[in-house]
Amino acid sequence: MFFANTPEPPYYACIFTSDRNEADAAGYNLTADFMDELAAQQEGFLGVESVRGQDGIGITVSYWQSLDSIKRWKENSLHKKAQEKGKKDWYSSYFTRICKVERDYHNK
């Protein structure tokens with residue numbers, strides 16, 4: 001598993017939990033990869049971690065320097081198009097949570 005290389009807290013996490021249906025797997029995978037690449041180009045982006053189970057439930061956590069950087073990402077025009085496509089075609093349901101990371105620790 002790849003862990004995001006985040007700085008010392010505080011920073012922010014955007015947690016996207018989704019229930020993916022089986023429609024257009026190839027299109028979904030291409031778009032997901034492109035969104036990861038696009039997010040990495042955004043000011044304030046710190047990293048991303050993502051997993052999806054065989055049952056279709058997935059969790060993607062992206063890390064950001066500030067709430068403003070998360071807001072700019074949410075409003076990115078290409079990201080907005082992908083969001084609409086996801087709502088319409090790919091997700092049965094989803095939930096987004098924004099959190100402030102005040103402490104972290106690890107064993108690498």
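**Aromatic pairs and pockets in a predicted model**

Reader: Is Trp73 buried or exposed?

Author: Residues under 20% relative accessible area count as buried. Trp73 has 8% relative accessibility, so Trp73 counts as buried.

Reader: With which residues is Trp73 in contact, leaving aside its neighbours within four places in sequence?

Author: For orientation, Trp73 and Gly44 are 29 residues apart in sequence, and their C-alpha atoms are 9.2 Å apart in space. Once neighbours within four places in sequence are left aside, the contacts of Trp73 are Met35, Leu38, Ala39, Gln42, Trp64 and His79.

Reader: Which residues that line the largest pocket are the closest to its centre?

Author: The largest pocket has a volume of about 880 Å³. Its lining has 31 residues, and those closest to the centre are Phe16, Trp73, His79, Gln83 and Tyr91.

Reader: Which element gives the most to the lining of the largest pocket?

Author: Two or more residues each come from β1, α1, β2 (45-52), β3, α2 (67-75), α3 (77-90) and β4. By type, the lining divides into 16 nonpolar, 10 polar and five charged residues. With eight residues, the element that gives the most is α1.

Reader: How many aromatic pairs does the structure hold, and what is the angle between the planes of Tyr11 and Tyr63?

Author: The structure holds eight aromatic pairs. Tyr11 and Tyr63 form one of them, with 5.9 Å centre to centre. Planes over 60 degrees apart count as edge-to-face, and this pair is edge-to-face at 75°.

Reader: How many residues apart in sequence are the parts that the pair of Tyr11 and Tyr63 ties together?

Author: Both partners are buried, Tyr11 with a relative accessible area of 3% and Tyr63 with 12%. Tyr11 lies in strand β1 (residues 11-20) and Tyr63 in strand β3 (residues 57-64), so the pair ties together parts whose separation in sequence is 52 residues.

Reader: Which parts of the chain does the pair of Tyr28 and Tyr91 link?

Author: Tyr28 and Tyr91 form an edge-to-face pair, 6.0 Å centre to centre with 90° between the planes. Tyr28 and Tyr91 are both buried. The pair links distant parts of the chain, 63 residues apart: helix α1 (residues 25-40) and strand β4 (residues 91-101).

Reader: Which residue lies over the face of Tyr28?

Author: Tyr28 belongs to a cluster linked by ring pairs, together with Phe16, Trp90, Tyr91 and Tyr94. Over the face of Tyr28, at 4.1 Å from the ring centre, lies Arg20.

Reader: Over which ring does the charged end of Arg97 sit?

Author: The charged end of Arg97 is 4.0 Å from the centre of the ring concerned. That ring belongs to Phe95.

Reader: Which residues lie nearest the centre of the second largest pocket?

Author: The second largest pocket holds about 350 Å³ of space. Its lining divides into eight nonpolar, four polar and four charged residues. Among the 16 residues of that lining, those nearest the centre are Ala4, Thr6, Tyr11, Asp104 and His106.

Reader: Which residues does Asp104 touch, not counting residues up to four places away in sequence?

Author: The place of Asp104 is in the segment after β4, and at 31% relative accessibility Asp104 counts as partly exposed. Asp104 and Ala13 are 91 residues apart in sequence and 12 Å apart in space, C-alpha to C-alpha. Not counting residues up to four places away in sequence, Asp104 touches Thr6, Pro7, Pro9 and Tyr11.

Technical notes:
Residues numbered from 1 in each chain as written. Predicted model: local features only at pLDDT ≥ 70, side-chain atom pairs only at ≥ 80, totals over all residues. Heavy atoms only, no water. Phe/Tyr/Trp six-rings, centres within 6.5 Å; stacked < 30°, edge-to-face > 60°. Helix = DSSP H or I, 4+ residues; strand = E, 2+ residues; numbered from the N terminus. Buried < 20%, exposed > 50% of the residue type's maximum accessible area, 1.4 Å probe, protein only. Lys NZ or Arg CZ within 6 Å of the ring centre and 35° of its normal. 1 Å grid on protein atoms, 1.4 Å probe; cavity = no way out; pocket = protein on both sides within 12 Å on 5 of 7 lines; lining within 4 Å. Points joined across faces, edges and corners; volume = space filled by probe spheres on them. Nonpolar A, V, L, I, M, F, W, Y, C, P; charged D, E, K, R; others polar. Contact = heavy atoms within 4.5 Å.
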